[in-house]
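Here is a friendly walk through a structure that may be new to you. Take a look at the sequence and the model first, and then read on.

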Amino acid sequence: MNWILLATIAALLIPIYEAWQDENIWQTMLAFSSIASKTSIMILIVSVLRDDWTLGVVGVIILSVGNAALMLLAHIIRRTNEL
Amino acid sequence: MSEQLYIIPIVLLLPLTGCMLVLQVNPYHALVIRGIFGAIAALVYVLFGAADVALTEALVGTMLSITLYAVAVRSSLSLRVGAIEDQLKAHTARELLSVLRATFSKHHLRLEIVPYTNLLAMQAALRAKEIHCSYVLSEPGGSPSPPGGGSRYDIQTRVSRLYEIMQAEVPPTKAYLRYIDLANPDKSTEVPIPEAMEGKS
């Protein structure tokens, strides 16, 4: 099962590079959403590997709340560009 | 032992994103990268078995602090420009505003236009520190007219750093710059800043 995690780490490097390179704020937000969902999926995989339900619950909460944080931040940045 | 195979690369992501965060100059980009950093930090906490710390990092460290900081950066990094209402729609005024917007976007400042009905109210607002700078259409007999003809604007500012930035970037054919020193009113209005600075240094 370890190879799944290693492949996800390799995939995680792509949006990190994208967030480092890009000038456009929306590209950075896109990279943020990609990384946030990838890390919470990794938390879920770790919880399955260790058979630990606490970690699983935390992973699910982070997965759902991460989207809410992204929407809040996107609204504020959108209103900044409008003015 | 097999766990270390994936723990070490994941932990190494943390200093990588930390360096990205420190090296970022744009405040909004830095906020988004702080979110990325928080997501990876939460993953590292989970790997070390601290589920409660990971949850707190995701909820407070990432979601709440980023949102509050975005609101704070948005309201503090803004430049309030006073203008007379009737002059706002003129073609030259819009041209000047686009020049100012391009100038200050390099410094990550956002322009906020504050309309006033008359000149006196705008001057009072500038002295009361409600706005950072103001612009009005030059009167024909007032400041020296531009060589090529056409309309020119008087820009007044009370912040010396803004004066320096505008002096370097705004072409003198578009606007006549003035610095108003609120602390020393006798040095203000007619004295452009280079002479005033020479007197101080």
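## Where the two chains meet

In this predicted model, 38 residues of chain A are in contact with 37 residues of chain B, where contact means heavy atoms within 4.5 Å. The size of an interface is often given as the accessible area lost when the parts come together. Between chain A and chain B, the buried area is about 3,400 Å², and carbon and sulfur atoms give 82% of that. Buried area here is the accessible area (1.4 Å probe) that two parts lose on being put together, summed over both.

How many salt bridges are there between chain A and chain B? The count is zero, with a salt bridge taken as a side-chain nitrogen of Lys or Arg within 4 Å of a carboxyl oxygen of Asp or Glu. One residue pair between chain A and chain B is in polar contact, with both residues at pLDDT 80 or more. A polar contact is a pair of N or O atoms within 3.5 Å; within protein, one must be able to donate a hydrogen and the other to accept it, and residues adjacent in sequence count only if both atoms are side-chain atoms. On the side of chain A that touches chain B, α1, α2 and α3 (53-82) of chain A each supply at least two residues. The largest share of that side, 13 residues, comes from α3(A).

## How to read the names and values

Residues are numbered from 1 along each chain as its sequence is written, while chains are lettered from A and ligands numbered from 1 in the order in which they are written. Because the model is predicted, local features need pLDDT of at least 70 and side-chain atom pairs count only at pLDDT 80 or more, whereas totals for chains, interfaces and linings use all residues; side-chain values use heavy atoms, with hydrogens and water left out.

## The two chains, one by one

Chain A has three helices and zero strands, in the pattern α-α-α along the sequence. Helices (H or I, at least four residues) and strands (E, at least two) are DSSP runs, numbered from the N terminus. Of the 83 residues in chain A, 41% are buried. Buried means under 20% relative accessible area, exposed over 50%, and partly exposed in between (1.4 Å probe, protein chains only). Among the contacts in chain A with a separation of 6 or more, 54% are between residues 24 or more positions apart.

Chain B has seven helices and five strands. Its pattern along the sequence is α-α-α-β-α-β-α-β-β-α-β-α. Buried residues make up 42% of the 201 residues in chain B. For chain B, residues 24 or more positions apart account for 59% of the contacts with a separation of 6 or more.

## A helix that faces both chains

Helix α1 of chain B (residues 4-23) has 20 residues and reaches 29 Å from its first C-alpha to its last, close to the 28 Å expected at 1.5 Å a residue. The expected span is 1.5 Å times one less than the number of residues. Which residues of α1(B) are buried? They are B:Tyr6, B:Ile7, B:Ile10, B:Leu13, B:Thr17, B:Gly18 and B:Met20. Seen down the axis of α1(B), these buried residues fall within an arc of 160 degrees, so they line one face of the helix. The arc is that of the directions from the helix axis to the C-beta atoms.

An α-helix has 3.6 residues a turn, so residues three or four places apart point the same way. On the other side of α1(B), B:Leu12, B:Val22 and B:Leu23 are exposed. The cover over the buried residues of α1(B) includes α1 (2-21) and α2 (25-50) of chain A, together with α2 (27-47) of chain B.

In α5(B), the buried residues are B:Met122, B:Ala125 and B:Leu126. Seen down the axis of α5(B), they fall within an arc of 100 degrees, so they line one face of the helix. These buried residues pack against β1 (78-84), β2, β3 and β4 (153-157) of chain B.

B:Lys129 lies in the loop between α5 (119-127) and β3 (133-137) of chain B. Its phi is near 65 degrees, a positive value in a residue other than glycine. B:Lys129 is exposed, with a relative accessible area of 53%.
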